[in-house]
Amino acid sequence: MARIYQAYLAEHQLSDYSESTIGWIFSLYIFLAFFCGLQIGPIFDAKGPKILVMVGTVFLLLSIFLLGLCTKYWHFIIVFSILGGIGTSLIFTPSISAIGHFFLKGRANATGIAAAGGSVGGVIFPLMLQSLFPKMGWAWATRVQGFIFIILLILANLLIRARLPPRPGGSVLPDFRIFRQPAFMLVTVGTYFLEWGLFIPITYLASYSLNSGAMSHTFSYQIIAIFNAGSCLGRWAPGYLADKFGRYNTMVVTIFFCMSSSLGLWLPATVLSTQPDANSTTIMGLTIGYAILMGFASGSNISLTPVCVGMLCDTEEYGRYYATCYTIVSFGALTGVPIAGAVISASGGAYWGVATWTGLCYVCAGAAFTAVRVLKVGWKLNVLY
C-alpha cells in the first residue's frame with residue numbers, strides 16, 4: 001500500500017520533492033510501526049492485547065480518513081507517518097505476539113497464515129487504488145480504503161486474544177539486558193539487514209518499472225500486485241515447511257533466494273535499463289521474474305522472523321523479546337528507503353545501486369542467521385533447528 005502511495009505522490013502532490021525526501025514519509029511510518037513495539041510488547045505481556053488493539057484502531061482509522069485531505073509534505077508526515085505508524089504498531093505487535101500464546105510446534109505455520117493477510121491486502125489494494133485514482137481522485141480513493149479498514153479492524157478487535165493471563169505485577173518496561181545473549185543479538189542483527197533490504201524493492205520496484213521504459217504505466221503499478229501475490233504464498237509456505245524442517249534452516253534457504261534474485265535478476269534488469277538499445281522484453285521478463293521470486297522468498301522476512309525470535313525465549317516473554325528485537329530493526333526500516341533514494345539520485349536516476357544494496361543486505365542477513373544456527377546446533381545439515 002505504501003509503495004503505491006509513494007509512486008502516486010511522486011507524480012502528483014509531491015512531484016517537486018526528490019525520491020529520497022518522499023521516502024522519509026514511508027520510512028518514518030515503518031520506523032514507528034516497529035519502534036513503538038519497544039513499549040507495546042511489554043504492555044502486551046503485562047496487560048494483554050485488548051486496549052492496545054482498540055486504541056490502534058482509532059489511530060489507524062483517523063490516519064486513513066484524514067489522508068485524503070493531505071496536500072503538503074508535513075501533512076503526510078503527521079497523518080500517515082506518525083498517526084498511521086503508531087496505530088499500525090498498536091495492532092501489529094499484539095496480533096503477532098498473541099499467535100505465540102496459542103502455538104508452539106505449529107507456530108511458524110500459524111504465523112505464516114496470519115501474515116499472509118498482509119500480502120492479500122497488498123494484492124487487492126494496489127489494484128483497487130489503481131482503478132479508483134483516475135475515477136474518484138486521491139481523497140475518495142483513500143476513503144473507500146478506509147471503509148474497508150473499518151470492517152477489518154472490527155474483526156481484529158473481536159478476534160485477537162491472549163491465551164496466557166497477564167503476569168501479576170508484570171513490568172511494562174523494556175529490558176535490553178537480553179542482548180547479552182549472543183544468539184538473540186545475532187538474530188536482531190540479521191533481522192535488521194532483512195528489513196533494511198526488504199523495504200527497498202517494496203518501495204522502489206514500481207518506480208523502477210515506471211522509469212525503465214520497458215513497461216507501461218498500468219503494468220508498473222501491477223508489478224506490486226505480482227510481488228505481493230508471491231509474498232502471500234511466501235509468508236505461509238515457508239512457515240509450513242519450517243515446522244517440519246526447522247525454522248532457522250528454512251530462514252537461511254529463503255534468505256539465499258532473496259539474495260540470488262536481487263543480484264541475479266533485478267540487478268541485470270537495472271543495468272540493462274541504462275542501455276539505450278536494450279531489449280524491453282528481456283528487462284520486463286527479468287523484472288517479473290524478480291517480483292515473483294523475491295515476493296515469495298521475502299515473505300519469510302515477515303512471517304518467520306518472529307518465530308525465530310520466539311525460539312530464544314519462554315512464551316510468557318515473547319512480546320518483550322519480539323518488541324525489543326524490532327525496536328532495533330526499526331532503525332533499519334527508518335534509514336533504508338531514504339538511503340536507497342539517495343543512491344538512486346547519486347546514480348543519475350538509475351536503479352542498479354539499490355539492486356546491489358538489496359542483495360548485499362541479504363548477504364549480511366544470511367550470515368547472521370547461519371551463525372545462530374551454528375551456535376545452537378553446529379554445522380550438521382541434518383539437524384532440525
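Reply: Angles under 35 degrees count as roughly parallel, over 145 as roughly antiparallel, 65 to 115 as roughly perpendicular and the rest as oblique. Axes are lines fitted to C-alpha atoms, for helices over the stretch in contact, with angles from 0 to 180 degrees between N-to-C directions. Helices are DSSP runs (H or I, at least four residues) numbered from the N terminus. The model is predicted: local features need pLDDT of at least 70, side-chain atom pairs count only at pLDDT 80 or more, and totals for chains, interfaces and linings use all residues. Residues are numbered from 1 along each chain as its sequence is written, and side-chain values use heavy atoms, without hydrogens and water.

Me: At roughly what angle do the axes of H6 and H8 cross?

Reply: The axes of H6 (residues 107–159) and H8 (residues 217–245) cross at roughly 170° and come within 7 Å. H6 and H8 are therefore roughly antiparallel to each other. Their contact comprises 16 nonpolar, 11 polar and three charged residues.

Me: Where is the kink in H5 centred?

Reply: A bend at a residue is the angle between axes fitted to the seven residues ending there and the seven starting there. In H5, a kink of about 30° is centred on Gly 84.

Me: How many of the 30 residues of H5 are buried?

Reply: Buried means under 20% relative accessible area (1.4 Å probe, protein chains only). In H5, 23 of the 30 residues are buried, so this helix is largely enclosed by the rest of the structure.

Note on methods: Helix = DSSP H or I, 4+ residues; strand = E, 2+ residues; numbered from the N terminus. Nonpolar A, V, L, I, M, F, W, Y, C, P; charged D, E, K, R; others polar. Buried < 20%, exposed > 50% of the residue type's maximum accessible area, 1.4 Å probe, protein only.
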